[in-house]
Amino acid sequence: MMTLGRKIMIGVAAFVLLIIVVVIQPFTFENIDAGNVGIRINLYGTDKGVDNITLVTGRVWYNAWTTKIIEFPTYTQSVDYDSFVITTKDAAEFKVDPKLNYHINPDKVPQIYRQYRRPLGEIQQGFMKNTIYDAYRIVANSFTSDSVMSNREVFEDRVQNVLTKTLGKDGFIYDQLTSAITPPPSLRQMIDEKNTSIQARLKAENMAKQAEAEAKVIIARAEGQAKATLIKARAEAEANELRQKTITPLLIQQEWVAKWNGVLPTTNAGGASLMLGIK
């Protein structure tokens, strides 16, 4: 019969073995969060390698010894790249400080991993960075320095078209790009001088228009006053003419009588007496 001590030793050994199995067992799980997709890669067996990749979502159980799970985000990524210099057709150097917003097509995640076999962060700073720099340099070669500044929207649209085609075929969907283009100091000075000249010309034109408007107001006021004076003079002339037409000898006599104080004149002129006939 087995002694008590031997039973205890066997029990302890079994417990230790169980703990070891629990600790080192290869089975585990991975939670694929919303906005992400995972890819399962077989590390051993006839199906090993990146050629056998399947998309997985949610909670995924797997054997860590034989399987690998890599998670890729599919929500919008924002990458602020270092500034760099591009050269236009007339050899002017512009500094560009690009910022890219993009997201990954979930269906293309296996293809992305097969092609690059790198985490997303390394792909952003490798392939995608070089693609963005090349797009700017290619488009800049078809523009002069003046046309870049005067047609900036057209310039950026062409860069975006190149990126949409280049990145899109690999599963990277372009959302937005800001360029922050800075011209060379000499061109910046020319632009500032040109803007100053334009502002001075516009100011002079506005002052001339204002002076012209003020002169028109003064002329209008003078014409109005002249017309008012003329109208008043005409009215007075017509009134005087009307008065003259209405004055008759009888009216004059009546006015004289109305103003007479009843005293006859005491002065004789030419020996004749002043006679007033009143009816």
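Helix H5 (residues 152-168) lies across strands S9 and S10, running at about 160° to S10. Such angles run from 0 to 180 degrees between N-to-C directions, with axes as lines fitted to C-alpha atoms, for helices over the stretch in contact. Contact here means heavy atoms within 4.5 Å. Helices (H or I, at least four residues) and strands (E, at least two) are DSSP runs, numbered from the N terminus.

A word on where this picture comes from: the model is predicted, local features need pLDDT of at least 70, side-chain atom pairs count only at pLDDT 80 or more, and totals for chains, interfaces and linings use all residues. Residues are numbered from 1 along each chain as its sequence is written, and side-chain values use heavy atoms, leaving out hydrogens and water.

**The sheet under the helix**

S9 and S10 belong to an open sheet of 3 strands in the order S6-S9-S10, with antiparallel pairing. Two strands pair if DSSP finds at least two bridges between them. S6 and S10 (172-178) are the edge strands, each pairing on one side only. On average, neighbouring strands of this sheet are turned by 25° against each other, direction ignored. S9 (residues 99-104) is joined to S10 by 6 bridges, and Asn101 has Gln176 in S10 as its bridge partner.

**A hairpin to look at**

Which strand does S7 pair with in the antiparallel sense? The partner of S7 is strand S8 (residues 93-96), over 4 bridges. In S8, Phe94 is the bridge partner of Ile86. The hairpin has 5 residues between its strands, and Ala91 takes a positive phi near 70° there.

In a regular strand the side chains alternate between the two faces of the sheet. Buried means under 20% relative accessible area, exposed over 50%, and partly exposed in between (1.4 Å probe, protein chains only).

| Residue | Strand | Relative accessible area |
|---|---|---|
| Val60 | S4 (residues 58-63) | 5% |
| Asn36 | S2 (residues 36-42) | 15% |

Val60 and Thr28 are 32 residues apart in sequence, and their C-alpha atoms are 8.4 Å apart in space. The side chain of Asn36 reaches the backbone oxygen of Ala34 at 3.3 Å. Setting aside neighbours within four places in sequence, Asn36 is in contact with Glu71, Phe72, Pro73, Thr74 and Tyr75.

In total, the protein has 7 helices and 10 strands. Of its 279 residues, 26% count as buried. Among contacts with a separation of 6 or more, 70% are between residues 24 or more positions apart. The accessible surface comes to about 19600 Å², of which 57% belongs to carbon and sulfur atoms; such areas come from the Shrake-Rupley method with a 1.4 Å probe, and for residues only the protein chains shown count as cover.

The average pLDDT is 78, and 73% of the residues score at least 70. This score is the predictor's confidence in each residue, from 0 to 100. Among the elements, strand S3 (residues 49-56) has the lowest mean pLDDT (60) and strand S6 (residues 77-80) the highest (93). Over residues 271-279 the pLDDT is below 50, and this stretch has 5 contacts in the model beyond near neighbours in sequence. Where pLDDT is low, the predicted coordinates should not be read in detail.

Terms used:
A polar contact is a pair of N or O atoms within 3.5 Å; within protein, one must be able to donate a hydrogen and the other to accept it, and residues adjacent in sequence count only if both atoms are side-chain atoms.
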